[in-house]
Amino acid sequence: MQNSAMLRRVFLVLGMLVLMPMAAGAQTQLGTAAALQAKFTAVQPQLEKNAFARPLVLESSEASGQLSGHIFGVVDHPFEQVGAALSRPAVWCDVLMLHLNTKGCAVRTAGAATTLEVSVGRKFDQPLSDAQRIDFVWTPAKTSADYMSARLSADKGPLSTRDYRIEFEATPLPNGKTFIHMAYAYAYGTAARIAMQGYLSTLGSDKVGFSTKDGALVGGVLGVVERNTMRYYLAIDAYLDAPAEAQQAKRSAQWFDSTERYARQLHEVDRNDYLEMKKNEYQRMKTQ
């Protein structure tokens with residue numbers, strides 16, 4: 001029983017971290033407006049017809065101790081709004097906080113360096129002292145008239161995980177919409193692999209993702225990647241719909257309701273429990 005509780009705590013942290021992007025040196029961003037526009041053209045048939053009932057394409061992979069995910073999607077917000085919002089580090093705290101496992105986020109500056117201190121833990125209220133902290137270095141955003149990109153990175157995480165990246169880029173589309181790409185991954189060592197395998201053979205054995213293989217929804221680590229990819233995509237969308245500080249409750253409610261559209265993959269807690277938890281966590285952040 002004690003081992004089961006420990007395993008649950010370990011992998012809830014790892015499950016949150018799967019969102020974080022690609023191992024050191026890996027190319028995740030397409031890098032230019034032209035490349036992103038070409039990708040939009042290539043995936044347009046998938047954007048128009050898919051199992052998500054919304055314009056997005058989800059990709060995931062596992063190779064050589066790395067887990068990675070990509071999401072390409074269209075959001076109903078003008079590029080100027082998307083670029084202006086997501087080029088600011090504090091906004092990424094608001095995005096990350098919508099995830100069930102994010103317990104706190106604070107932007108710290110020291111000279112020219114900016115860091116996001118992100119605390120991750122369980123899917124219910126808990127003190128920050130019981131959460132794990134990861135410090136993400138913020139790379140100043142690149143912005144132009146038709147392209148923007150942003151990046152967060154962390155060298156170290158818990159349980160031999162390392163080389164976290166969150167990378168985002170966007171380009172404008174006609175009719176006031178924006179095509180976005182989020183890439184993320186992390187590298188893991190022996191301790192994290194063992195914890196993962198233990199969780200996926202017990203507590204996480206019935207969890208699935210969105211892709212299909214041999215006619216069935218994928219499970220295992222790819223399922224973990226895909227679930228968190230979707231959670232963060234929906235977090236960005238919810239933030240863009242309700243960006244004001246006073247709209248935190250609306251933003252949280254929209255995120256939860258959006259995840260419930262994919263309840264088979266994403267349902268974890270009751271709506272009221274989630275909203276109350278996030279209300280408490282935001283209040284705690286204001287006192288930090």
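Q: Which residues gather in a patch of negative charge on the surface here?
A: For charges, a patch joins residues of like charge within 9 Å that have over 30% relative accessible area and no salt bridge. Asp and Glu count as negative, Lys and Arg as positive, while His and the chain ends are not counted. Each charge is placed at NZ of Lys, CZ of Arg, CG of Asp or CD of Glu. In this case the group is Asp125, Asp270, Asp273 and Glu276. Asp273 sits in helix H9, residues 271–286; helices (H or I, at least four residues) and strands (E, at least two) are DSSP runs numbered from the N terminus.

Q: Before we go on, what kind of model is this?
A: It's a predicted model, so to speak of a local feature we need pLDDT of at least 70, and side-chain atom pairs count only at pLDDT 80 or more, while totals for chains, interfaces and linings use all residues. Numbering runs from 1 along each chain as its sequence is written, and side-chain values use heavy atoms, with hydrogens and water left out.

Q: How many disulfides does a search of the whole structure find?
A: The rule is a pair of cysteine sulfur atoms within 2.5 Å. The search turns up one: Cys93 and Cys105, with their sulfur atoms 2.0 Å apart. This pair links distant parts of the chain, with Cys93 in helix H4 (residues 89–97) and Cys105 in strand E3 (residues 102–110), 12 residues apart. The angle about the S-S bond is -70 degrees, making the link of Cys93 and Cys105 left-handed.

Q: Are Cys93 and Cys105 buried or exposed?
A: Buried means under 20% relative accessible area, exposed over 50%, and partly exposed in between. The areas come from the Shrake-Rupley method with a 1.4 Å probe, and only the protein chains shown count as cover. Both Cys93 and Cys105 are buried. Helix H4 is largely enclosed by the rest of the structure, because eight of its nine residues are buried. Among those buried residues are Trp92, Cys93, Asp94 and Met97.

Q: How many salt bridges are there, by a search of the whole structure?
A: Look for a side-chain nitrogen of Lys or Arg within 4 Å of a carboxyl oxygen of Asp or Glu. That gives 13. Arg108 and Glu117 make one of them, at 3.2 Å from N to O. Arg108 is partly exposed, at 36% relative accessible area, whereas Glu117 is buried at 19%. Arg133 and Asp135 pair up too, with closest N and O atoms 2.9 Å apart, and Asp135 is partly exposed at 34%. Arg108, Glu117, Arg133 and Asp135 are linked in a network of salt bridges.

Q: What separates Glu281 and Lys278 in helix H9?
A: An α-helix has 3.6 residues a turn, so residues three or four places apart point the same way. Glu281 and Lys278 are three residues apart in H9, so about one helical turn separates them. They form a salt bridge, with closest N and O atoms 2.8 Å apart, and both are buried.

Q: Which loop holds Ala53, and where is Asn175 found?
A: Most residues other than glycine have a negative phi. Ala53 has a positive phi near 60 degrees and lies in the loop between helix H2 (33–48) and strand E1 (56–63). Ala53 is exposed, at 63% relative accessible area. Asn175 also isn't a glycine, yet has a positive phi of about 65 degrees. Its loop runs between strand E7 (161–173) and strand E8 (177–188), and Asn175 counts as exposed at 74% relative accessibility.

Technical notes:
Patches are made of residues with over 30% relative accessible area and no salt bridge: like charges are joined within 9 Å, nonpolar side chains (Val, Leu, Ile, Met, Phe, Trp, Tyr) within 5 Å. Buried means under 20% relative accessible area, exposed over 50%, partly exposed in between (1.4 Å probe, protein chains only).
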